[in-house]
Amino acid sequence: MSLLAFNARVRREVTAQRPLAHLTTLRVGGPAEYYLEARGFRDVMDAAEACRQTGLPLSVLGGGSNLLIDDAGVPGVVVNLKQMKRVVPTEHRLLVSAGASLTSVVATCARAGIAGPEGLAGIPGTIGGALAMNAGGRFAEIGEFVHKVLWLSPQGTVRYLYREEIQFSYRKSSLQGGVVLEAILEGKRGEPAALLARMKQIMDQKLASQPYAAASAGCAFTNPPGQSAGKLIDLAGCKGMSVGGAQVSEQHGNFIVNKGAATCSDVLKLMGKVKKRVFEHHGIQLIPEVKAWPQPIELAA
Ligand SMILES: Cc1cc2nc3c(=O)[nH]c(=O)nc-3n(C[C@H](O)[C@H](O)[C@H](O)COP(=O)(O)OP(=O)(O)OC[C@H]3O[C@@H](n4cnc5c(N)ncnc54)[C@H](O)[C@@H]3O)c2cc1C
């Protein structure tokens with residue numbers, strides 16, 4: 001399908017061969033075949049409908065903080081939701097559009113005295129990405145704070161899903177595959193000053209233990225049950241290992257950082273080496289946490 005014809009269907013400016021690397025925190029990968037920035041639900045629904053009609057795949061980009069994009073780029077349409085960033089506090093809840101940054105939402109919750117989300121302090125990305133990934137860690141996971149989510153299903157229907165209708169598990173949710181458009185979050189009542197102080201404490205801990213300023217996609221692998229992937233990687237002697245411009249962080253074994261000129265291929269090769277070493281040392285198969293576009297990551301055992 002020509003760019004012109006696709007443009008006509010989505011009624012928004014669509015660009016072809018748009019570079020994506022700078023829209024991800026790891027900063028690797030090739031361009032999107034087609035790319036648009038949605039201003040609201042209508043644009044997302046139009047793009048999804050055009051994709052269904054044409055058979056083009058649709059990929060939703062949030063903050064790009066958990067993404068590894070192939071060097072050859074992404075076929076089909078990439079929709080960036082960063083312009084959809086409404087955050088509206090109500091008495092005990094918060095209405096948030098999918099492209100709002102999780103960091104700003106966490107801070108707004110704390111200031112509004114909504115307790116719980118402060119445990120997500122320091123996690124980059126958007127609300128949509130966080131809900132799709134059930135982002136979280138030691139202190140909280142975002143699924144705990146969902147009242148309801150407005151979701152565009154792969155079949156093209158839009159409806160609110162209440163928390164009990166959504167499956168949230170470790171770094172996964174049943175929202176993956178569709179598009180989160182907006183969410184209403186809730187929490188217990190808390191004292192804003194205490195919540196803001198807790199946020200700062202968690203952020204300080206992260207800054208001390210993670211290569212926060214480096215280009216990375218956060219944790220490369222999920223934690224095996226009852227274990228820390230970072231510790232296993234460290235004990236297997238992988239810290240500092242590198243392939244091309246990709247390196248296992250010296251500060252945190254589960255972070256792969258782009259030293260400047262890494263490619264997706266470098267990152268995948270390095271992940272494969274780390275997985276192999278960890279298996280040789282501990283007999284444990286690591287599973288990638290980072291999402292790969294367009295194909296899921298498959299590392300040799
Ligand atoms: C320094 C650093 C620290 C991190 N720390 C943590 C941490 O402590 N805990 C943690 O869980 N993660 C962490 N991450 C990973 C990442 O920040 C989270 O997974 C984040 O929630 C991803 O959100 P995003 O908007 O960037 O999603 P993206 O990276 O843009 O996308 C990730 C996936 O979500 C999908 N997606 C995005 N938006 C939507 C939407 N609106 N609807 C449906 N699907 C969507 C994408 O298609 C993709 O499959 C860290 C990353 C970095 C770089």
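# Questions on a predicted protein model

Modeller: The protein has 7 helices and 19 strands, where helices (H or I, at least four residues) and strands (E, at least two) are DSSP runs numbered from the N terminus. This is a predicted model, in which local features need pLDDT of at least 70, side-chain atom pairs count only at pLDDT 80 or more, and totals for chains, interfaces and linings use all residues. Residues are numbered from 1 along each chain as its sequence is written.

Biologist: What percentage of the 301 residues is buried?

Modeller: A residue is buried if 20 or more other C-beta atoms lie within 10 Å of its own, exposed if 12 or fewer, and partly exposed in between, with C-beta atoms placed from the backbone. Among the 301 residues, the buried share is 45%.

Biologist: Which helix gives the most to the shell around the ligand?

Modeller: The shell has 34 residues, the closest being Gly62, Gly125, Gly128, Gly129 and Gly218; a residue counts as near if its C-beta atom, placed from the backbone, lies within 6 Å. At least two shell residues come from each of β3 (58-61), α4 (127-133), β13 (179-186) and β15 (215-219). With 5 residues, the greatest contribution is that of α4.

Biologist: Is leucine 68 buried or exposed?

Modeller: Leucine 68 lies in strand β4 (residues 67-69). Leaving aside residues up to four places away in sequence, leucine 68 touches Leu26, Val28, Ala217, Cys264, Val267, Val290, Ala292 and Ile297, a contact being two C-beta atoms, placed from the backbone, within 7 Å. Because leucine 68 has 22 C-beta neighbours inside 10 Å, it counts as buried.

Biologist: Which residues does proline 75 touch, not counting residues up to four places away in sequence?

Modeller: Proline 75 lies in strand β5 (residues 74-80). It has 15 other C-beta atoms within 10 Å and is therefore partly exposed. With residues up to four places away in sequence not counted, proline 75 touches Glu33, Pro57 and Pro294.

Biologist: How are the buried residues of α2 placed around the axis, on the same side or on opposite sides?

Modeller: The buried residues of α2 are Val44, Ala47, Ala48, Ala50 and Cys51. They cover an arc of only 160° around the axis, the arc being that of the directions from the helix axis to the C-beta atoms. On the other side of α2, Arg42 and Gln53 are exposed.

Biologist: How far apart are the end C-alpha atoms of helix α7?

Modeller: The expected span of a helix is 1.5 Å times one less than its number of residues. Helix α7 (residues 264-282) has 19 residues and should therefore span 27 Å. The end C-alpha atoms agree with this, standing apart by 27 Å.

Biologist: Which residue takes a positive phi just after α7?

Modeller: The buried residues of α7 include Cys264, Val267 and Leu270, and their cover includes β4 and α6 (229-235). Just after α7, a positive phi of about 65° is taken by glycine 283.
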